[in-house]
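Trainee: Could you walk me through this protein model, one question at a time?
Mentor: Gladly, let us look at it together.

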Amino acid sequence: MEKENKNMLIEALETIEKEKDIPKAVLLEAIETALVAAVKNEYKKSDNVMVKIDPANGDVKVLSGYEVVEEVEDEAMQITPEEAAVRFPGKKLQLGDIAYTEVMPRNFGRIVASKAKQAIVQKIREEERKQLYDKYAGKEHEVVTGIVQRMNEKTVTLNLGKMDAVLIESEQIRGENFAINDRVKVYVLEVKDTSKGPKITVSRTHPDLVKRLFESEVSEVADGTVEIKSISREAGQRTKMAVYSHNPNVDPLGACVGINSSRVNAVVDELRGEKIDIISWSENPETLIKNALSPAKVVYVDVNEEEHSARVVVPDHQLCLAIGTGGQNARLAARLTGYKIDIKGESQVEGQ
């Protein structure tokens, strides 16, 4: 390989290092690996071949190794101790040692040029894919903003910057419509590394989407002063969220609602009108269940800890409110608290 070309190779690698943020050493290693394969093919050797490229000037050395054995079975890879003493004078080689000698394959300049180019192109693709994966894998279980690129009957494709994400049908809010170029916040469910690059699956229905949105809107949630203890959600319709303050001077409900409801409304707007009930968390199951059935008023709660169930009595005129349309309020309260809840009106209890 001509000296000028060697310098050009190193200059090219240094340029790629700056522009692509791929270390020159990584590219050199890829080229060396490709050249080893080429030399093995040229010499019909299956092992004991090394290629070393000087990172400063691009000098290429091909080293072929010979194992010292008592009886030679493969002349391309083995030598006897007597032959070793002649070929490698000054080296005290013993049986089992491997001695390397520099060789120069036929048409090596052409081989280097061809294999180096292939190795560089392939390594750039691999490293760019790895960098993308590392970048987006770090966003798993976080909220990102995507721009709607394509839509069909079952999926929505969102551009996240350097990568697209897929919003599959089961992760879409029923009835939610998008337009091309809409900016949409989504929860990153999973980032998979594939041969074609990272595959990113996102969600608009996951309960943690609500949690992450509150973290971005409420500084007290972001810094851990206010903790979101539990969330239950029927995406697109209603969410119940139980919050707790680790600072007695901070009201968790007020922090999440914000002045003039500004904070909660920002989340509601992002979820396109989904209702959000924010309640106070309590370690006392009776209090927690009462709070969870808000906005309905509760007369009393009878908790069965062993069965993890609760019998709840509400005023008759509050029964429909406590149960909710289609049983939604009771269903969300049960998920939020982890208790099976049986709701009765006062008259129903008195008649028993």
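**Cysteines, cores and overall shape**

Trainee: Is C256 buried or exposed?
Mentor: First, this is a predicted model, where local features need pLDDT of at least 70, side-chain atom pairs count only at pLDDT 80 or more, and totals for chains, interfaces and linings use all residues. Residues are numbered from 1 along each chain as its sequence is written, and side-chain values use heavy atoms, leaving out hydrogens and water. Buried means under 20% relative accessible area, exposed over 50%, and partly exposed in between (1.4 Å probe, protein chains only). C256 has a relative accessible area of 0%, so C256 is buried.

Trainee: And C320, buried or exposed?
Mentor: Its relative accessibility is 67%, so C320 counts as exposed.
The number of disulfides (pairs of cysteine sulfur atoms within 2.5 Å) in the structure is 0.

Trainee: How many residues has the largest nonpolar core?
Mentor: Such a core is a set of buried Ala, Val, Leu, Ile, Met, Phe, Trp, Tyr and Cys residues joined through side-chain atoms within 4.5 Å. Among those with the most contacts inside the largest one are L13, I53 and F108. Its number of residues is 25.
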